[in-house]
Amino acid sequence: MAAFSRRHVLMGGAAGLAASALRITPVSAADDELYAAAKKEGALNLYWGSYEQKTIEEIRDAFKAKYPGIEVSLLRQASQTIFTRLRLEIQNDAVQCDSIGTTNLLHYKDLQKIGAIQPFKPSNIDMVPEAFRGIDPENTYHVGAISLTTINQSTSVTAPPASWTALLDAPWANQITTGSPAFSGDVASWVVAIRKKYGDDFLRAFAKQKPKVGQSNVDTVTDILSGERKVGSAAPFSYSLTQQAAGNPIGVTVPSDDAILNLGLTAVPTKAPHPNAGKLFTDFLYSVEVSNILAKNFWPTLRTDVPWAEGRTLESIKWYRNPVDNLSAEVAEGIAKWKEIIG
Amino acid sequence: MSDIDIRQLSKSYGAYQALKSIDLHIPDGALLALLGPSGCGKSTTLQLLAGFDTPSGGEIRAGGELISSPQRVVPPERRGISLVFQNYAVWPHKTVAENVAFGLKLRKLPRAELDARLSKALEAVRLTPLRERYPFELSGGQQQRVALARALAVEPRILLLDEPLSNLDAHLREEMRFEIRRVHDELGITTVYVTHDQGEALVTADEVAVMKGGIVQQLGSPEDIFERPSNAFVASFIGSNNEIPGRREAPGQLRIGDTLLHAEDRSGLPGIGTKAVLCIRPSRVRLGEAGGDANMLNGVVRRSAYLGEYRDVLIEIAANTNVRAFVSPHIRPQPGEPVRVHLPPEHCQIFAVPDDAPAS
Amino acid sequence: MASSPPMSAARSASVGYRRHHAFRLVVLVILLAVLALLIVQPLGWIVFNSFHDDDTGRWTLRNYAQIFASTSLWAPLFNSLLLATAVAVISTLLGVPLAWLVARTDMPMRGFIRLFTMAAFVTPSFIGALGWILLAAPNSGWLNVGWRALSGADWPLLNIYSMTGTIFVCSIYTVPYTFTLVSSALEEMPVELEDAATTLGSGVLKTMFSVTIPLVMPAVLVGFILSFIQGMTLFGVPAFLLTPSGTLVVTTKLAEFYQLFPPALYMSAAYCMPLIAITGMLFYARRRILGRRQFTTVGGKGRAGRKIRLKGWRLVALVFALFVPVTAVVLPYVAIVLVSLSRAWGLGPVPSNLTLHWYRWAIFENAETQRAIVNSLVYAGIAASFCMVIGILVAYIVERKLLRGAGLLAALVTIPIIIPGIVLSVGFFSAYTRQPLNLYGTAMLIIAAFVATFLPIAYSQAGSILKGISPDLERAARSVGASEARTFASITAPLMRGGLVAGWLLVFIPIMRELSVAIFLVSPRTNVMTTLIYNYKDGGNYEAVCAASALLLFATLIVVLLARFVTEGAAYRRRNAASLGAAP
């Protein structure tokens with residue numbers, strides 16, 4: 001106890017300068033208590049599908065550095081796999097997960113319906129952009145990642161399509177690559193948004209362009225880098241920027257008729273073996289450290305006070321997010337229409 | 001060493017009755033041959049003796065001890081019964097010496113005794129110079145001797161031989177027959193020898209059990225089996241034989257066409273006028289000689305083949321009825337020539353008509 | 001007095017009788033318990049699940065009713081059937097002659113072809129598909145780019161995004177099954193059988209087709225069935241190559257079931273049942289074809305190896321034999337290695353873009369990859385060994401008919417192979433996350449799942465080896481006093497050894513590359529290479545995917561070479577001992 005308070009005093013005494021230089025925010029009073037409880041639990045099992053392996057590993061490592069004494073295990077798999085696994089754990093009453101993070105809102109609707117995730121209010125949620133605060137009135141799930149769906153294109157394309165509707169122009173026939181809404185949550189939410197904006201006529205015209213349909217939206221980048229196709233529709237914004245930064249010949253266009261914003265979410269299961277550690281990790285997500293890591297990896301940050309990579313901000317981008325009320329039915333309908341019209 | 005007592009032994013595979021209640025007694029130190037065509041039940045008997053199969057009925061005792069019954073089968077390795085296989089079954093991954101020593105090693109004998117018994121077994125089959133060879137470097141006959149040495153080295157109380165010579169060439173086969181008999185005489189192990197070759201059986205065995213259709217047709221010494229077969233099947237299976245069909249007029253009398261033939265009646269048939277066969281070995285048939293009136297027939301020569309040591313003559317004695325005669329090569333009957341045939345009554349035997357599926 | 005020695009003999013025999021049966025009983029009970037835990041339980045859960053409703057969790061027949069009623073569920077089944085049949089036929093047509101050329105003739109480069117065919121086996125199919133996308137995508141595929149440059153045509157020579165392309169890629173990665181099975185059967189076959197045909201004036205090819213191949217028919221049929229099942233259960237290749245054309249097969253349809261809310265786990269269990277029926281028919285057909293024919297080739301007689309001389313045909317044969325190594329390994333791995341050596345693979349293989357970064361990262365810097373490489377090797381090694389032990393025991397019981405109902409046992413251990421890994425994974429999850437058998441999160445769980453999944457291969461491999469060993473060799477040992485266990489250890493096992501190593505590899509390699517079955521079972525500590533590679537793929541990090549794939553191939557090949565070294569070393573020593581013994 002004595003050692004703990006001494007450390008606390010030292011941290012406080014070192015004050016802002018040292019802390020910001022080290023990019024370590026001081027542990028808040030609320031987190032102090034949570035940290036103590038989490039430390040008692042001793043472990044944290046993360047099940048995450050949001051963010052690719054490298055970014056989520058960096059977040060995990062930062063957490064370990066900040067909160068020693070908690071053994072952190074990270075299971076990074078595709079969002080749908082993570083969700084299915086948690087469902088299985090719940091079914092078999094063998095929950096191991098303390099924090100789930102996936103890209104699909106419907107996962108949380110489903111988990112909420114069966115009472116599998118617990119309500120709590122993260123202590124520093126106030127630093128999150130206002131639009132993404134309190135997205136669940138019951139506080140069972142919270143924002144975990146911001147994912148933007150845009151257009152990407154090969155650097156050989158001098159005048160890329162400036163909007164979703166521009167994709168339907170003649171030059172892009174046989175040049176488009178896209179993912180499948182049946183396999184990718186981001187593509188599914190793009191289909192819902194585009195049908196809201198332009199109806200099924202868009203899909204019919206889109207089908208005439210003979211797009212190549214892969215599985216994941218990541219496949220658009222693959223097709224562009226290999227030269228198989230020139231332009232990606234429903235393409236991942238952050239991942240395309242990462243590839244660009246790595247030196248690959250790819251660029252990103254934010255369509256004038258809105259980037260489609262899809263929220264990745266996170267929750268702590270009701271039967272989590274280490275619930276305090278799970279909550280502590282949720283708090284940590286909204287820390288400056290994590291937002292710095294996100295910015296470094298071309299992800300939108302989760303804090304208003306940390307700009308994105310290359311000086312972008314949420315405000316600088318025109319975006320649209322699907323209303324959540326009837327989302328489940330709209331996704332099912334969107335996939336069915338897609339299959340009917342595009343194949 | 002021990003005797004073998006087989007009582008009412010039977011074995012069925014589903015609906016198929018491979019063995020229909022056989023009784024055999026093999027005295028201590030004897031060599032019994034189980035002789036018969038394939039499917040006669042001889043191999044089934046051997047499998048049951050070796051303990052690889054469970055009988056459906058009856059029992060087998062060795063030295064008085066019950067070793068097989070439907071209720072319990074002493075496992076093969078506990079019987080003291082060695083088996084030599086038709087295909088040798090020499091282990092390809094072991095040398096000659098390793099093959100032979102395997103059974104000895106299992107008995108955890110002291111080194112010196114093991115070596116002594118190994119050498120003795122190899123010596124017995126004359127394989128000492130080849131002891132370090134692998135089976136693929138051996139001829140078939142050598143491999144078979146490895147199998148024999150392997151079986152003998154463990155000094156079994158009973159030795160089973162399953163068609164041991166059938167994969168060897170004719171010359172080697174003849175030599176090995178005497179070899180097996182010699183080894184048996186040397187060691188005096190109770191031995192059961194399964195074969196379909198009458199020559200092997202007659203040369204090697206003290207007693208021969210002729211089998212067919214899952215039944216022992218006759219058990220007896222080689223001479224008995226040959227001279228006094230108990231039925232037409234045994235008569236025809238062992239050596240060459242004439243089977244002349246006719247009608248039995250009285251005990252010891254068989255009518256063939258117009259002729260009444262006299263013979264020893266071993267048919268055991270009750271009534272008069274039933275169908276029966278007369279059996280006589282071709283070597284006992286005489287041609288063109290006056291041997292009294294009894295059993296003289298007129299016939300026509302149909303075929304005559306010179307075989308060096310004798311002449312094989314086929315004579316038609318009635319429509320669709322032929323008789324074979326082995327006669328001196330100096331007699332030269334020509335095809336088409338009429339000839340007198342004499343069937344000496346003392347060599348003629350009357351049997352019931354052989355049935356393809358004899359009743360049990 | 002005279003009756004006393006037989007009395008004591010009877011007593012000793014009776015003790016032996018009891019001990020013998022007690023031992024058999026213990027082995028049987030343990031084996032049956034293991035099979036119940038490994039197979040019956042998970043399969044039971046899958047069947048149980050298939051009769052439940054995904055939404056309500058209640059008993060229902062609706063899942064089955066839906067399969068019968070909905071034609072949209074038939075189409076994937078039909079497509080899978082087409083794919084699997086084509087894959088089985090093509091890999092048999094490629095694999096059998098290839099095995100003959102390598103095992104029986106003096107064709108050049110046999111060692112190279114053998115090694116590279118194994119390398120094809122090591123490659124997870126989704127990585128092979130990735131390589132072939134780089135090679136034969138209609139616009140960008142290197143082969144198509146080359147074709148257009150050479151011919152001036154404006155249409156692509158190859159389109160990998162098609163059923164034909166999918167069949168092709170599945171086939172070349174399935175050939176190794178047939179190849180391995182048939183070549184080891186051919187190596188065991190006595191050369192005299194071929195000589196017999198040749199002396200009758202039969203030509204080399206005629207002999208091959210009329211004598212050699214029919215003699216190894218059991219292995220050919222097993223290879224055919226395994227290839228068929230591969231075609232049925234592969235996920236990666238159809239997911240990558242058929243999705244663009246909108247064609248669904250069973251495995252991609254299953255993946256769709258898993259994307260629903262809640263995931264249609266129970267429906268997908270029901271959807272696997274037709275596959276079990278189809279495979280059952282295949283095995284029944286195999287039994288009908290093989291029937292009463294005897295294929296015991298290793299009798300008591302020795303065998304000698306001698307190569308058939310191809311003379312002028314050697315080069316023709318070589319061109320044919322190079323097809324699989326080149327298409328399944330050389331070409332795609334050139335693409336994969338080039339990507340793995342790139343800073344940014346979209347820039348292409350120019351000098352300024354080359355780096356060893358991704359290898360350095362995977363081997364030295366990243367703890368996850370390090371752990372996954374070790375895990376993969378250790379789990380696959382342990383699981384393959386257990387698999388072979390159980391597979392041999394079951395095959396022994398079945399082949400030597402030690403147990404009534406042994407056929408049922410054979411059917412049981414064969415079922416897991418036909419159930420797509422993702423469904424099996426759920427079955428294992430249900431089976432092993434409950435008390436008293438909670439293995440969740442442990443390495444034991446993954447190993448158990450791998451053992452059960454690949455037991456069918458181990459069993460059929462062990463069965464075809466045992467078919468080649470005459471039971472008389474075992475009976476000979478019994479009759480000189482060896483117990484059943486001792487006979488197995490001293491005679492059967494050593495005679496199986498050559499085939500066992502091949503069989504072990506045949507299990508080890510698919511475990512190394514297995515993805516789906518592990519997917520719900522791995523924990524952070526028990527992650528394996530394939531799940532990790534799939535994650536990198538999911539994150540679009542192709543340089544890491546390719547570097548890790550190349551490492552996976554490399555690690556597996558080292559094990560393959562070690563295994564071959566060990567067996568060939570043993571064979572060499574034996575030959576040497578033999579020739580020493582033969583010297584006067």
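In chain C, helix 16 (residues 357–365) and helix 17 (residues 367–399) pack at an angle of about 70°, and their axes are 6 Å apart. Axes here are lines fitted to C-alpha atoms, for helices over the stretch in contact, and angles run from 0 to 180 degrees between N-to-C directions. Helix 16 of chain C and helix 17 of chain C are therefore roughly perpendicular to each other. Angles under 35 degrees count as roughly parallel, over 145 as roughly antiparallel, 65 to 115 as roughly perpendicular and the rest as oblique. On helix 16 of chain C the contact involves C:Trp361, C:Ala362, C:Ile363, C:Phe364 and C:Glu365, and on helix 17 of chain C it involves C:Ala367, C:Thr369 and C:Gln370. Contact means heavy atoms within 4.5 Å. Helices (H or I, at least four residues) and strands (E, at least two) are DSSP runs, numbered from the N terminus.

This is a predicted model: local features need pLDDT of at least 70, side-chain atom pairs count only at pLDDT 80 or more, and totals for chains, interfaces and linings use all residues. Residues are numbered from 1 along each chain as its sequence is written, chains are lettered from A and ligands numbered from 1 in the order in which they are written, and side-chain values use heavy atoms, with hydrogens and water left out.

Chain A holds another helix pair. Helix 3 (residues 53–66) and helix 11 (residues 288–296) of chain A pack at about 155°, with axes 10 Å apart. That angle makes helix 3 of chain A roughly antiparallel to helix 11 of chain A. Among the residues in this contact are A:Ile59 and A:Ala62 of helix 3 and A:Ile293 and A:Leu294 of helix 11.

Back in chain C, which residues of helix 2 (residues 62–69) are buried? They are C:Asn63, C:Tyr64 and C:Ile67. These residues lie on the same side of helix 2 of chain C, because they cover an arc of only 95° around the axis. The face turned away from that buried side carries the exposed residues C:Phe68 and C:Ala69. Buried means under 20% relative accessible area, exposed over 50%, and partly exposed in between (1.4 Å probe, protein chains only).

In chain B, B:Lys20 sits in strand 2 (residues 16–26). B:Lys20 is partly exposed, at a relative accessible area of 24%. Its side chain reaches the backbone oxygen of B:Gly213 at 3.4 Å.

Finally, chains A and B do not touch, and their nearest C-alpha atoms are 48 Å apart.

How values were computed. The arc is that of the directions from the helix axis to the C-beta atoms. A polar contact is a pair of N or O atoms within 3.5 Å; within protein, one must be able to donate a hydrogen and the other to accept it, and residues adjacent in sequence count only if both atoms are side-chain atoms.
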